[in-house]
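This briefing covers a few local features of the structure shown below, grouped by topic. Terms are given with their cut-offs where they come up.

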Amino acid sequence: MTAREPASHASASERTASSYASGFYRRFLALLRKEVRQVLRDKSNLAVGLLLPVALILLFGYGLSFDVKHAPIAVVMEDQSPTAREAVDGLRGSDYLAPVFVSDMSEAQRMMRSGSVDGILRVPMDFSRRLNHGDARVQLILNGVDSSSASTIEGYVNGAIGIWAQQQVDRGGNKPLATGSVEVVQRMWFNEAAESRWYLVPGLIVLVLTLVGAFLTSLLIAREWERGTLESLFVTPVRPLEIVLSKIAPYLVIGAIDLLMCLLASHFLFHVPVRGSLVIIVMVSMLYLVVSLLLGLFISAVVRNQFQASQVALLASFMPALMLSGFVFDLRNTPVFIQIVSQVLPATHFMALIKTLFLAGNHWPTIMWSVGILTLYAVVLTVVTRAQLRKTLE
Amino acid sequence: MTAWIATLAQIGALIRKEILALLKDPSSRVVLFAPALIQALLFGYGATFDLTNVPYAVLDQSRGQAASQLVARLDGTGVFHRAATLSSSTQIAQVIDSNEALVVLAIPADFDRRLNAGQRAPLQVILDGRNSSTAALAASYVGSIVASYNASIGAGGRGITIERRAWFNPNLESRWNIMPALIGALSMLQTLLISALSVAREREQGTFDQLLVTPLTPMQILIGKAIPAILIGLLQSTIIFLVIRFWFQIPMSGSIALLYLGLLTFTIASVGLGLSISALSLTMQQAMLYTFLLIMPLMLLSGLITSVKNMPEILQVVTYANPLRFGTSIVRRVYLEGAGLADVALDFVPLLVTGAITLPLAAWLFRHRLS
């Protein structure tokens, strides 16, 4: 700051706001040209900035799914009667389960141990006899290691057998029942087919912007601190603000390109609906990108060492955005202190907002709340980063 | 014989130097162990698919006995908590949109009348599908409560009870599934990074050329670089293992020796990958970026969060090149299933192949990537 002071004193009266501005633009553009060249020269950061997001889009869109399909189930029919066969017939028709009929329990257990089936359905010898008394039992044994798939499979098996049992009642119809039954009519709002891709793909925008903003920026700028190239810039007549802006500008552009790729992929490849306003989605995403860039800048200014910057950025931004932001793990199920930790992360607020904007629509209270918090983060991070930069210069 | 001892002494000196370089700075010492510990604790609590808290709202237009009995059963689970009581169907959108309720039960006016008349009484269940996995779990929970209610009033089919038992994880807790997988994932994150930086750092600082002109052969340099990274990887795995076993108290069924044999093989394969990256990179920055470029897909395709079986066939084939997939599989199966060596032997093969390719490759690259 002080380096510039004499010059501005000398000509302060003649200087107009516009010549200030033109000086700013001239210096800024010169710096920007240097930074862009530097970014383009090393392919490794472009690989992380542009190639990794493409890989993530494809992986999340096509590769990762919580939707269990064709889960192999060993079916042991100890009761060979037609009624018993009919009861388990419902398993066969669905896309979700792939029943494999085996002759006895020991074979089924062997298959489960080797991992070739995910569960065993055992229809005991006395099934149809007890069915006449109304207390038939079947046994479902699941491999609990993959607990969420196991729960899903349990739901499918319950459904398939429940439907058959209900049909038996309807068909029987000869003796009227004393009471009716409650029938669940389920409607899943925002994601009628319950496809996990629909919430993974919008969440991916959060991950990618965190990656470019916080991780990449902190790493690259920490390198400049480590090598002293940033300090050598500070002694030139260029103002610190201009240096910082020119450093983060290329990553703002990379982030914007990534955002565009995510939006195009979610629409054209994965057909995720956009029920809110696209303009708002783009605006809040850019706001979040600015917050992550500032976070990255702040981390790099504090640690000033590449290795530590990468570790801190991973620990403070990327891993929590993946694990604790409500991306795949629903925060409602976590203990209170985890919810507090997650509320501190900007990623959590952006995650809730982007899912709402994609799937539910413009819900103004959510938009105002999240935008308010993200703006607050931007302001606070600007202040602390400035303070940190000033401290370093002294 | 003396030649052998001399070689070992040379490698030993290099290992000592590497370990000192890693531990000399107090802040790097912290960075080596604190992240693993913090992440193991945070993710242990945060990474869960189990429903523990489902806020729901009720729109009861029947105001009858059956409806209140059904809702009381929901409250009795301890999982469902009443967030709102609605008086008109226009309020449904409001409580769902604002995240106030995950589930809305809409009970029509003729609910009791239909039940008493022996008819089917529809219960409308509206779910917030913004996280469709949670919503689907909540739906199946509601479904099972309704089924047990039906059974209690003597309806609902001719009484087939499905007795569920789960092997290896009796309460189907998702933490049991995720935590053992974190042993591999979290330690890999750092072993890859440490080994990727080890050669790149010396290249950037110009000391690697000095190392190459010493009497050490590339293979000896490789061993000297690999062993410290392997030790740190195993130490990190141990920290996470202890958190899982004693903090979260997830019972271990298998043998510790086999678990560590698996972890050792897995860590060697990871270090091989890391050293190959390192030998290819000219600067530390490149080494870190390439590591990150690699680790994200490796973690996502490992079965850590979503099961490998749910992936498309092509990607399942790709995962054979992923040490984390097999490391995770060995740890999970030994830890939870109590699998023996014969059960997991096949999982060792891809790890050994990865190690056998990457380690010699790295040694070769030491000399042949000088530019």
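A:Asp79 touches A:Ala84, A:Val123, A:Pro124, A:Met125, A:Phe127 and A:Ser128, leaving aside residues up to four places away in sequence; contact here requires C-beta atoms, placed from the backbone, within 7 Å. The model is a predicted one, in which local features need pLDDT of at least 70, side-chain atom pairs count only at pLDDT 80 or more, and totals for chains, interfaces and linings use all residues. Residues are numbered from 1 along each chain as its sequence is written, while chains are lettered from A and ligands numbered from 1 in the order in which they are written.

- A:Asp79 sits in the loop between strand E1 (71–77) and helix H4 (82–89) of chain A; helices (H or I, at least four residues) and strands (E, at least two) are DSSP runs, numbered from the N terminus.
- With 22 other C-beta atoms within 10 Å, A:Asp79 is buried (20 or more such atoms count as buried, 12 or fewer as exposed, and values in between as partly exposed).
- From A:Asp79 to A:Ile248 the C-alpha to C-alpha distance is 70 Å, at a separation of 169 residues in sequence.

- An open sheet of 5 strands runs in the order E2(A)-E1(A)-E3(A)-E4(A)-E5(B), with mixed pairing; strands pair if DSSP finds at least two bridges between them.
- Its edge strands, each pairing on one side only, are E2 (97–102) of chain A and E5 (160–167) of chain B.
- Strand E4 (residues 136–143) of chain A pairs with E5(B) in the parallel sense over 8 bridges, and A:Ile141 has B:Arg165 as its bridge partner in E5(B).
- Helix H5 (residues 105–114) of chain A lies across E1, E2, E3 (119–123) and E4 of chain A, at about 165° to E1(A); axes are lines fitted to C-alpha atoms, for helices over the stretch in contact, with angles from 0 to 180 degrees between N-to-C directions.

**Helices**

- In chain B, the axes of H10 (residues 256–280) and H13 (residues 323–337) come within 9 Å and cross at roughly 170°.
- H10(B) and H13(B) are therefore roughly antiparallel (over 145 degrees; under 35 is roughly parallel, 65 to 115 roughly perpendicular, the rest oblique).
- The 26 residues of H11 (residues 278–303) of chain A should span 38 Å at 1.5 Å a residue, which agrees with the 37 Å between its end C-alpha atoms; the expected span is 1.5 Å times one less than the number of residues.
- Just after H11(A), A:Arg304 takes a positive phi of about 50°.

Note on methods:
Two residues are in contact if their C-beta atoms, placed from the backbone, lie within 7 Å.
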